[in-house]
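Please open the structure in your viewer and keep the selection tool at hand. The tour goes from one selection to the next and says what is there at each stop.

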Amino acid sequence: MRISSQTRIYSKEDVKMMKKLFGVIAGLLVCIASVNPVFAEDNGKPPVEKLEQQFNQMMSLETTKDGKVKKYDSLGRLEQELKSIMTWPLADSYLDTYFYEENDKLYMEEMDGPLRLNTDEDYTLEKINDGQYKLTQQGHNELRDDYTLTIEYSYEAGKWVFADRNNQVGEDEYDGNNGGQLPNTATNLPMMALSGGALMALGAVGLFARRKFSTQN
Amino acid sequence: MKELATLLILLGATICAWTVDAWLEQVNAVTHDPDQVKQAHKGWDETDIQPTIQPKTTTSTKNTKDTPRFFETGEQVGKLEIPRIGNSYDVFWGTDRDTLKKGVGMYDSKYTVVPGQAGHVLLAGHRDTVFRKLKQVKKGDHLYVEFNDKTYDYQVRDIWITDRDDRSVIVKKQTPTLTLSTCYPFDYLGDAPKRYIIQSKLVSVEENNK
């Protein structure tokens, strides 16, 4: 009972204090949010090294001698994994470039892989906006001589992912069905030849008919 | 009656003569010399899949000295040789109607590049003249493109038939890719509804003066 009455006395004071405190805090938060709404949407920076490590793992998959990927057996499975660290256009582009399916198995193309970020060397990370960052690194190797690696990150569904790497997707929005029109490689030569032949035949029939008509008369 | 019939015969003969002339012009853009073409390219009959290589460029900018894009439409820009068929073709810039009358055309677009760049090169030709033997080319065969004093060796990776309105063929590629396109079916009269596509990847590059 004693404890209870003491509690009731303190509770009244506490409630008053708490009300005041909450009021001040709430006011402050409203004030900050209205003055600087970006604060509430700050997504931080992309986890460059962690994402790069995951990217390297997916682009350096263990294969058999004939190029068969050991860990995944279909493009669909790998696609799911890739889309966990990059946007779908980029994932589709990598799948199209470096992998193919044959006899229900997944194979890796025998070719040089994509440029990787050298995390031991300097790079610049530029903020485009709260949901986009761009990384740039200069490098040199035997295959490509001097090169520039660019990586674009975007904040999607609550996490940072790759949006593009060295224009793999390109400036235009990637759309597998939005490429160029195939050239018209049909000629009208066969039709022209047929038309010419038909006209000659018609003329010949006309001459023949005329001769027959004049012979009968 | 006689005059009309004679006129029809003359008109028909003129059309036939013009057709033969146009056909000969296009056929002459192809040199059929199997021995010479095969001799010129060692390893043309090695059909085991070889690794794709990247040319030593990283950008896809076309307007540079090394990768000229300042061609006039219809200008000859290189050669295509296909040892499997034994044919050598003159390649011209553009794929418009007039250019394709000359021979093989190199597609000019924002999706495509010229050989020597990491991207997509597309060559097109008429099925009933320059590319009428294209169906003899098989997976693993080599296609050689002479361009800008270099010979680019592409190996065929895929062959398929698609609709003429398919917009998924001529797209940007990160890897050096050569695509040949012609109409299909090969013996169709008039505007063929399909396209025959041969896609290949770059496997080696040689300087022509070596």
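How many residues does the contact take from chain B, and how many from chain A? In this predicted model, the contact takes 51 residues from chain B and 38 residues from chain A. To look at the side of chain B that touches chain A, select α1 (2-27) and β8 (177-184) of chain B, each of which supplies at least two of its residues. Of the elements there, α1(B) gives the most, with 14 residues. Colouring this side of chain B by residue type would show 23 nonpolar, 18 polar and 10 charged residues.

Next, select Leu80(B), Val91(B), Leu123(B), Leu143(B) and Val145(B), which have the most contacts inside the largest nonpolar core, a set of 47 residues. Strands of chain B that each supply at least two residues of this core include β2 (76-82), β3 (87-93), β5 (120-124) and β6 (142-147), while β9(B) gives the most, with 5 residues. Centre the view on Leu123(B), which touches Leu80(B), Val91(B), Val104(B), Gly105(B), Met106(B) and Leu180(B), when residues up to four places away in sequence are not counted.

A second, separate core has 23 residues, and selecting Phe55(A), Val69(A), Phe99(A) and Trp160(A) will show some of them.

Finally, select the whole of chain A, which has 6 helices and 6 strands, and follow its elements from the N terminus in the order α-α-α-α-α-β-β-β-β-β-β-α. Of the 217 residues in chain A, buried residues make up 18%, and among its contacts between residues at least 6 apart in sequence, 51% join residues at least 24 apart.

How values were computed: Residues numbered from 1 in each chain as written. Chains lettered and ligands numbered in written order. Predicted model: local features only at pLDDT ≥ 70, side-chain atom pairs only at ≥ 80, totals over all residues. Contact = placed C-beta atoms within 7 Å. Helix = DSSP H or I, 4+ residues; strand = E, 2+ residues; numbered from the N terminus. Nonpolar A, V, L, I, M, F, W, Y, C, P; charged D, E, K, R; others polar. Core = buried A, V, L, I, M, F, W, Y, C linked by C-beta atoms within 7 Å. Buried ≥ 20, exposed ≤ 12 C-beta atoms within 10 Å, placed from the backbone.
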